[in-house]
Every structure is written in structure tokens, then in C-alpha cells.
Amino acid sequence: MLAAGGWNSKIAKEAGIEVPLVTYGTRALAIIGRTRLNKYSISDYRYGYYTRPMGNLLDPIAFIAGDGNVKTSDLNEVKRLTNKSYSDWLIGVMRKRDPSMMVSAIAGHSLVEMAYDYEPVIGKVPNTNNLYLIGGFDGYGAKLGPGLAFELARIIMGLNPTIDISCYDINRFENYEGQRDVDPHWEPVMLYLPAPNGASPCFYKNK
Ligand SMILES: Cc1cc2nc3c(=O)[nH]c(=O)nc-3n(C[C@H](O)[C@H](O)[C@H](O)COP(=O)(O)OP(=O)(O)OC[C@H]3O[C@@H](n4cnc5c(N)ncnc54)[C@H](O)[C@@H]3O)c2cc1C
């Protein structure tokens with residue numbers, strides 16, 4: 001089972017296997033502040049950031065904010081770029097919307113990944129004897145990950161999935177001739193627009 005998140009494609013490559021995934025970095029901050037931004041999930045495409053509520057008792061005084069992604073597969077580079085100038089920039093653009101006092105409390109960063117068509121991927125890796133993959137969760141794995149892990153477990157046990165998994169099935173890349181790269185700033189979960197590679201019709205069907 002290959003389920004190593006942003007490390008999937010590197011591990012596969014070391015084994016001489018290509019998986020349809022591109023690794024990149026992502027970062028987010030927990031912000032302390034009583035602002036108009038606390039209450040909503042916002043994708044601000046004018047200034048290039050998003051916010052979302054914490055979803056707990058801290059909501060009146062804190063929220064999460066980030067700027068999408070960093071195009072590198074080097075974790076140290078993502079860490080280096082999640083620095084004070086990043087939080088100064090992020091707070092600066094948010095204050096264009098609400099000039100209230102905001103302070104960066106906790107910074108998070110890691111590697112994540114996207115599939116060539118921006119949808120998650122599950123299933124048996126073609127041309128391998130017994131290797132299963134689950135990945136491509138971008139910045140929304142906390143939402144789709146558990147459900148797709150459940151479906152993959154059923155597949156491995158020889159049971160039928162409980163949903164139509166064709167949108168996520170790795171076999172959709174069997175005759176794939178599109179781009180083998182992604183624009184990590186394109187967030188399918190936030191932007192209801194056609195993916196740059198235009199390959200997956202699933203997004204429109206399901207979301
Ligand atoms: C800062 C930040 C904020 C985010 N915010 C949100 C959010 O608000 N909502 C949301 O839905 N998602 C969010 N995400 C994205 C979410 O975390 C990912 O989509 C999700 O974790 C992907 O799940 P995964 O199981 O595929 O990979 P991961 O959660 O990355 O798990 C992979 C695991 O494999 C391990 N591993 C790697 N290599 C090896 C190896 N060689 N051997 C053994 N183990 C290995 C790693 O250590 C890791 O524990 C955020 C991500 C980041 C970085």
C-alpha cells in the first residue's frame with residue numbers, strides 16, 4: 001500500500017514506478033484576531049489567500065488562513081518559506097479586507113500532492129503485482145481521505161465500492177495523454193472552474 005501523501009511519487013519513482021501525482025508544498029497559519037474573516041470560509045482571489053473557521057470554541061478569536069501552495073517538492077524549502085515574511089504578507093493582505101489586529105499564532109507546512117487531473121487517486125497501480133495507491137488529496141484530504149480509504153479497503157477485500165469511484169480510479173490514467181504537471185495554485189475544492197488540464201469531468205458531477 002502506498003499512502004505516503006506528498007512522498008508517494010518519490011517513493012514510487014525509487015521503485016521505478018510512475019504514479020500520476022505531482023508533489024508540492026502547502027502552508028497555513030492559525031491567526032488570532034477578532035475580525036470579519038473569522039466566521040467564513042473565504043477564497044480571496046483578488047489577494048490570493050483563503051481563510052476558514054477553526055470549527056471549535058476558538059472561532060470568535062481565531063481562524064485558519066493560508067495562500068494555497070508552493071511549487072516545490074522539497075520539504076525544507078516549504079519550511080523556509082513559511083517564515084515571518086510569509087505571515088507578514090498574509091496578515092497584510094487580509095488587513096486590506098479588515099484592518100483589525102491579527103497575530104500569527106501557529107504555522108503549519110508540509111508536502112501534499114495533486115493528480116494530473118486534480119482529483120484524488122485510489123486503486124491498484126497498473127503493471128504491478130500487488131501495489132495499491134491512495135493519494136492526490138491536495139489541501140482537502142481531511143474531507144475526502146477517510147471516505148476513499150474506506151472504498152479502497154473494500155476494493156482490496158474484493159467487495160464492490162459503495163459509490164461510483166470512476167472519478168478516483170487510477171485506471172482513468174491508462175491512456176492519459178494530457179499534461180503531467182499541475183498548477184498548485186488551482187484549488188479545485190474552492191474554485192468551481194474547469195481544471196487547467198481539463199481532464200476530469202468528475203468535479204462537475206460530484207461537487
Ligand atoms: C498546513 C496544511 C493545512 C491543511 N489544511 C487542510 C484543511 O484545512 N482541510 C483539509 O481537508 N486538508 C488540509 N490539508 C491537507 C491534508 O493534510 C492532506 O490532504 C492529507 O493529509 C493527505 O492525506 P494522506 O493520508 O494522503 O497523506 P498524509 O496525511 O501526508 O500522510 C502520509 C503519511 O505517510 C508518512 N510517510 C511518508 N513517507 C513515508 C515512508 N517512506 N515510510 C512510512 N511513512 C511515510 C508521512 O509521515 C505521513 O504521516 C492541509 C495540509 C497542510 C500541510
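Guide: Domain bounds here come from an automatic or database domain assignment. This is a predicted model: local features need pLDDT of at least 70, side-chain atom pairs count only at pLDDT 80 or more, and totals for chains, interfaces and linings use all residues. Residues are numbered from 1 along each chain as its sequence is written.

Visitor: Where does the ligand lie relative to domain 1 and domain 2, and why?

Guide: Domain 1 (5–20 + 117–206) and domain 2 (24–113) both contribute residues to the shell around the ligand, so the ligand lies between them.

Visitor: What makes a residue part of that shell, and which come nearest?

Guide: The C-beta atom, placed from the backbone, must lie within 6 Å of the molecule. There are 22 residues around the ligand, and Gly5, Gly108, Phe137, Gly141 and Ala142 come nearest. The shell divides into 9 nonpolar, 10 polar and 3 charged residues, with Gly counted as polar. β1 (21–32), β5 (103–115) and α4 (141–156) each supply at least two of its residues.

Visitor: Why is one side of β2 and of β5 left without a neighbour in the sheet?

Guide: Pairing takes at least two DSSP bridges between strands. The 5 strands form an open antiparallel sheet in the order β2-β3-β4-β1-β5. β2 (42–44) and β5 stand at the edges with a single partner strand each, so one side of each has no neighbour in the sheet.

Visitor: How do you know that β3 and β4 pair?

Guide: β3 (residues 49–53) and β4 (residues 62–70) run antiparallel and are joined by 4 bridges, against the required at least two. Thr51, for one, has Ala65 in β4 as its bridge partner.

Visitor: What is the mean confidence in the protein chain?

Guide: On the pLDDT scale, the predictor's confidence in each residue from 0 to 100, the protein chain averages 89, and 89% of the residues score at least 70.
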